[in-house]
Amino acid sequence: MVSVGEENLIYGIKLSSVGPARVTSPDVVHEPTSMDLAMKLHYLRGVYYYRSQAVQGLTIKKIKETMFTWLNRYYMANGRFRRSESGRPFVKCNDCGTRMIEAQCVKTLDQWLEMMEDRHSLHKLLVSDQVLGPEIAFSPLVLIQLTWFKCGGMSVGLSWAHVLGDAFSASDYINMWGQVLAGHDPNPVPDFANSPKQVEKSINPAPAAIDPLSVKRVDPVGDHWIYPNNYRLETFSFHITGKQLTQLQSKVSGQNHTDQVPSFESLCAIIWKCMAQNSEGSEPKTVTLCKNNPHGLKDKILSNNQTISVVKAEMSIVGAKLKELAALLVDQAITENNHIEEAVERDGGLSDFIVYGSNLTFVNWEEATFYGLEIKGQEPILVNYTIDGIGDNGVVLVLPGPKNSGETGSEERIVTVILPENRLLQLKSELKRECMFA
Amino acid sequence: MPEILPEFSNSVKLKYVKLGYQYLVNHFLTLLLIPIIAALSLEILRSGPDEIINILKSLHFDLIQVLCSSFFIVFIATVYFMSKPRTIYLVDYACFKPPINCRVPFSTFMEHSRLINKSNPKSVEFQMRILERSGLGEQTCLPPAIHYIPPNPTMEAAREEAQLVIFSAMDSLFKKTGIKPKDIDILIVNCSLFSPTPSLSAMVINKYKMRSNVRSFNLSGMGCSAGVISIDLARDLLQVHPNSYALVVSTEIITPNYYTGNQRSMLLPNCLFRMGCAAMLLSNRRGESRRAKYRLLHVVRTHKGADDKAYRCVFEEEDPQGNVGISLQKDLMVIAGEALKSNITTMGPLVLPASEQLLFLFTLIGRKIFNPKWKPYIPDFKQAFEHFCIHAGGRAVIDELQKNLELSGEHVEASRMTLHRFGNTSSSSLWYEMSYIEAKGRMKKGDRVWQIAFGSGFKCNSAVWKCNRTIKTPTDGPWADCIDSYPVFIPEIVKL
């Protein structure tokens, strides 16, 4: 949804592909897990911004060379989806590659960032919005867009199919490119001998059970993997400085410093209450929380490993105290990962689900290493991520802020809210009232 | 069981008969000379030294007679050595190894094709079928400009590709041989489909700052057999200019030639042609005879252009929509077969041992006089050559030649594996094949190599080299990192 006038900001678009330098053995496949399949209708769209000092002298030739070396490790992200005989999707690792988009921008980096403050939709111009399908056999799972600004700065737009892995995996993936650019070669030789070959999973139809609360089973989308929203979704993003964060935590937990609610749950509590204020009777009583699982699956390079839990509130949200809400979020969250996997496997992975947005979803990306993608030793000055394909109940993302915020010892946060248009406007005004941002 | 045994013993008997016949005819002179020398030595030994001295004294040698005879002998010897053609040495050669970021797997090629040719799914389907049966592997490379969707074939991009491939190969060659660019006396560059002004040879001279009196030639439009034509030209020039180095660069620039239309006869080159380049250093200097890898024995060129069908069989033209492409006619293989026959008719007497030539002569006379129904005798070229380098024009070409010349799988292995690893690199493919044979450690001193190339026109050109010194397995070169995984089995149809 690009408004008039925005089309001319980006020009000189060139498409090509990059892939692994090494030939992947034939018949190597990547089988998505149940959790992966639950997330298959979601897409991560991240943009990393760099000043010209970081990218001076970085030619497209050098970029592509390093990418071919880098992608040796991620051969599964360079394959294409197929369906097995039972209809279950799997990735054929045929080295088809990652789509590469080169573009130029008429504005300078600073002008662009200024424009972004008012119009978050500009984010869409710097990262591809392609989805898997309608022909999944020819749809790339990852698309990378490099946009050069008039001043010499550059943005890297990563478009990532959530079925491959969560934001933490995506972050590890792209950060590895930075490592290869710097000259390190941490590529272990992929062990094709141990890669899974095609295995047919038997379907064990469990007795008709209830679906977990955190996911929503949607109508079959066939081979076009995107959830058709009923409302137009808009995005809004704001920064919270370290000082503000501490203030908010105090607001939620009270002045008692001994049992402070963590920053994430504090933010969630505040936003939840603001959302409920203007919902006119249909308060969001159930919310989903997505957090990183630090005990990651060690043998998998990319995986969907977030802990998805659900919180059901019995009382009225509007009337509740912030501390109560926060306590609910911290203590009463029910982890639903196993339940989700069961639901997916009930018909052999053939059904379509959405996780983000089936309820109001809060996603904790505070620990994500987004700023780890270094080019010439320099971190990005800003990293923005959104999610495409979310449900109508919306999503709140808490991302780490840029490190060079000037304040030592405390960390900035970026909060991105994606909601249907009208609810977003209401939330914005409510948050402004609460002095969440200037 | 018993039926097979007599056949087997028959064929074994036949084999020994044939071997005996070959030995007899090929070493006829030696076999004749041995008894004569034996008889003479016996006679000398019997006569004793005194009698020999008596015989010599009785000959009455005059001073003038002696002087005239020796002068005569010296004169004949001088004329012989002066009129002998100079030996042409191939000091060394280098092949371009494409960088990893130019790799095009089948799946990428097909996906790009679908995106570029959205309105013509039938063309895409056709290209997929060609690719499946092409004999190419997943490591062949296209130049950076062709990686774009749609391809971006500007002149600048073509020049960049030319610089990349030619300068890489030449840098490698200079490093291997220790020759400086200023030592080059003759420069020949051949590239069929890209001919800018100034020429590619001028580009080379500019980059390497060669001498102002370097003799440069740029051959364009001569197709895939232009490599052998360049070698022939270098050889002729080296006959005229003593003590010289000739640098020959064979390449094909892919960037400007991606066909964007839908004619089936023109889609084949897109699927088969890939980036490649080879640079060869030839010399007629005596000093190079020690370290040179090969000596050039023969070059035989056959041109069938006088025949209209042969002339039109590989033709660059515009399709009805105005897209320029190279159309290949359906009778290409038949014409190639005929061109090959012409070529080997000339080549045969030059290289075949006397036994084969006699057999061929007898069968020919027999067919003419006795019975025209006799099968024509196909001389066994495996006796004349240890190695064969057949231009990797496509799977069909290699299959056809293997059948016609009755070659074994190992003889055509170099060609097939080059097609698999590098695709059809046009005039430089012969050198990738030579490189393969060397990398496998099969090239020994005295081995003879036959390079056969076909090209538009229709031409069949061949060159015969003799290995000058046993070549150790090279540690560099285009095959260095993958030779251990070769030969690979290439299935008839690859499932995409």
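This report describes a sheet in chain A and the overall build of chain B. The model is predicted.

**The sheet in chain A**

Six strands of chain A form an open sheet. Their order is β1-β6-β7-β8-β3-β16, and the pairing is mixed. At the edges lie β1 (10–18) and β16 (382–388) of chain A. Each of these edge strands pairs on one side only. On average, neighbouring strands of the sheet are turned by 15 degrees against each other, direction ignored.

Helix α5 of chain A, residues 167–181, packs on this sheet. Helix α5 touches β3, β6 (98–105), β7 (142–148) and β8 of chain A. The direction of helix α5 makes about 135 degrees with that of β8(A).

Now take one pair of strands. In chain A, β3 (residues 43–50) and β8 (residues 154–161) run in the antiparallel sense. Eight bridges join them. Within this pairing, Y50(A) stands opposite M154(A) in β8(A).

**Chain B as a whole**

Chain B holds 16 helices and eleven strands. Some overall values follow.

| Property of chain B | Value |
|---|---|
| Box filled by the C-alpha atoms, along the principal axes | roughly 100 × 75 × 45 Å |
| Share of the 496 residues that count as buried | 48% |
| Accessible surface | about 25,100 Å² |
| Part of that surface on carbon and sulfur atoms | 61% |

How much of the contact in chain B, at a separation of 6 or more, comes from residues 24 or more positions apart? Such residues account for 80% of these contacts.

Chain B has 57 positive and 44 negative charges.

Key:
Residues numbered from 1 in each chain as written. Chains lettered and ligands numbered in written order. Predicted model: local features only at pLDDT ≥ 70, side-chain atom pairs only at ≥ 80, totals over all residues. Heavy atoms only, no water. Pairing = 2+ DSSP bridges. Helix = DSSP H or I, 4+ residues; strand = E, 2+ residues; numbered from the N terminus. Axes fitted to C-alpha atoms, helices over the stretch in contact; angles between N-to-C directions. Contact = heavy atoms within 4.5 Å. Buried < 20%, exposed > 50% of the residue type's maximum accessible area, 1.4 Å probe, protein only. Areas by Shrake-Rupley, 256 points an atom, 1.4 Å probe, with all protein chains shown as cover. Lys, Arg positive; Asp, Glu negative; His and termini not counted. Charge placed at Lys NZ, Arg CZ, Asp CG, Glu CD.
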